[in-house]
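Subject: Structure for your files

Hello,

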Amino acid sequence: MRGRLSTIIVVTVVLSLLGAACRPAPTPVPPAPPTPTPVPPTPKPEVYKVGLINHLTGDAAVYGQSMKKGTEVALDEINAAGGINGVPVEVIYEDDRLSAADARTAFLKLVETDKVPVIMGSGSSTVSLALCPLAQERKVVQISSISTAPSLMECGKYFFSVMASDTAQGPEWVKVLEHLGKKEAAVMYINNDYGIGVKDTFVAEMERKGYKVLIVQPFELGGTDFRTEILKVKEVNPEITFIVDHVKEAAIVFKQARELGFETQWVTDVSIVTKEVPELAGKEATEGMLGLRAGSMETPEYEGFAKAFEEKHGEPPTIWADFAYDTMMMVAKAIEKGGYTADGIQKALFEVGETYVGPSGSKKLNEYGIVYGVYDWMIVKNGEWALYRAAQ
């Protein structure tokens with residue numbers, strides 16, 4: 001009996017073990033997921049800071065200060081309307097003194113200390129070209145109101161310009177020549193990136209059309225005596241002389257040309273269509289002079305801007321103030337659309353340009369981030385620039 005009982009016990013244990021082995025393993029119950037920690041919304045900044053680098057002092061201050069005034073008009077309008085989604089905009093102004101080295105120092109200060117994602121400026125093509133590598137390396141948007149050298153098209157994705165390239169200004173000069181019924185002319189140009197750009201596109205268009213360039217005469221930035229260069233041009237006796245220059249040097253050229261008895265129909269680039277040139281050179285040296293003005297004054301947008309500018313500054317709009325106004329407005333709209341990052345602003349600027357029309361015209365951007373442009377033709381009458389022919 002004891003043996004049988006032992007057998008039963010052994011069999012029972014074996015069957016129990018076999019049953020346990022054959023039962024499927026219990027499905028593990030996964031642990032409950034942790035309760036997610038709510039992510040607080042990104043707080044709005046107290047202010048959107050934007051940089052501006054331009055020539056606020058020195059010989060070219062007439063340009064930089066004018067653009068600063070245009071920027072201020074736009075800034076007032078933006079902040080009076082509640083800023084960007086309730087956040088005010090602040091512009092931090094830096095002076096480049098028309099110096100590439102000073103501009104680079106200002107750029108690094110704005111990026112490293114002020115942490116701005118976008119910088120407006122500079123007005124000078126040479127200075128803007130010096131800033132391009134920094135902007136691309138640091139991935140900061142660089143948007144100039146008026147830099148126009150064709151080489152700026154090689155800067156990279158973070159560069160923009162609100163004024164058309166010199167590739168448009170040179171051919172527009174040829175239209176003026178044709179309007180005057182001539183097929184030959186002389187050209188004088190200031191020997192920097194801007195002057196070379198306008199000169200090259202003008203000469204290329206003249207050659208394409210089979211017209212004759214009598215002489216191509218450079219002169220240096222910062223010079224005070226251009227008699228040698230003027231006499232070289234006078235020797236070819238041109239009926240029409242095109243000149244690309246800056247205010248200070250242009251006033252000296254016109255004054256000294258008159259003193260030397262050089263009589264020609266001057267046609268200037270956009271840099272010279274400013275009230276300071278007739279004032280400095282004198283009415284006799286500039287009367288009847290023709291010149292190009294970028295943009296058009298014959299629009300409702302310009303009229304509204306002119307009124308606001310005069311109310312704020314007590315004078316009519318100064319040179320390129322309208323372009324600076326549009327630069328500030330486009331930057332604000334790009335921040336609103338793309339966010340306060342360089343990449344967001346960079347992408348949004350192309351979208352903004354599709355529909356934005358300001359006092360300096362339409363701002364549709366080409367693949368290089370540079371606008372297409374139009375020009376009014378201007379003439380000096382009684383010592384002041386006046387409209388000669390509206391943009392076509």
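Across the whole structure, a search finds two cavities of 30 Å³ or more. Please keep in mind that this is a predicted model.

Cavities

The largest cavity holds about 170 Å³ of space. Its lining is made up of 18 residues, and those nearest the centre are G123, S124, I146, H246 and S271. By class, the lining of this largest cavity has eight nonpolar and ten polar residues, with no charged ones.

The second largest cavity has a volume of about 50 Å³. Among the residues that line the second largest cavity are L52, N54, M67, T71, M120, A324 and T327. G123 is also one of the residues lining this second cavity, and G123 is listed among those nearest the centre of the largest cavity as well.

The largest pocket contains about 540 Å³ of space. A total of 24 residues line it, with V273, T274, K275, P317 and W385 lying nearest its centre. Two or more residues of this lining come from each of α9 (276-281), β10 (290-294), α12 (321-338) and β14. Helix α9 gives the largest share, three residues. In the lining of the largest pocket, 14 residues are nonpolar, three are polar and seven are charged.

For the second largest pocket, the volume is about 230 Å³. Its lining has 15 residues, and F262, T264, W266, E284 and A285 are the ones nearest the centre. The elements α8, β9 and α10 (283-286) each give two or more residues to this lining. The lining of the second largest pocket divides into six nonpolar, five polar and four charged residues.

The sheet

Some of the elements named above belong to an open sheet of seven strands, in the order β7-β6-β8-β9-β10-β13-β14, with mixed pairing. Which strands stand at the edges of this sheet? They are β7 (212-219) and β14 (384-389); each has a single partner strand, so one side of each is left without a neighbour in the sheet. On average, neighbouring strands of the sheet are turned by 25° against each other, direction ignored. The edge strand β14 is also one of the elements that give two or more residues to the lining of the largest pocket.

As a reminder, strands of a sheet pair through backbone hydrogen bonds, either parallel or antiparallel. Strands β6 (residues 184-190) and β8 (residues 240-244) pair in the parallel sense, over four bridges. If you want a place to look in the viewer, take M188, whose bridge partner in β8 is I243.

Helix α7 (residues 227-235) lies across β6, β7 and β8, and runs at about 175° to β7. Helix α8 (residues 247-259) lies across β6, β7, β8 and β9 (265-268), and runs at about 175° to β9. Both α8 and β9 also give two or more residues to the lining of the second largest pocket.

Regards

Definitions and conventions
Residues numbered from 1 in each chain as written. Predicted model: local features only at pLDDT ≥ 70, side-chain atom pairs only at ≥ 80, totals over all residues. Heavy atoms only, no water. Pairing = 2+ DSSP bridges. Axes fitted to C-alpha atoms, helices over the stretch in contact; angles between N-to-C directions. Contact = heavy atoms within 4.5 Å. 1 Å grid on protein atoms, 1.4 Å probe; cavity = no way out; pocket = protein on both sides within 12 Å on 5 of 7 lines; lining within 4 Å. Points joined across faces, edges and corners; volume = space filled by probe spheres on them. Nonpolar A, V, L, I, M, F, W, Y, C, P; charged D, E, K, R; others polar.
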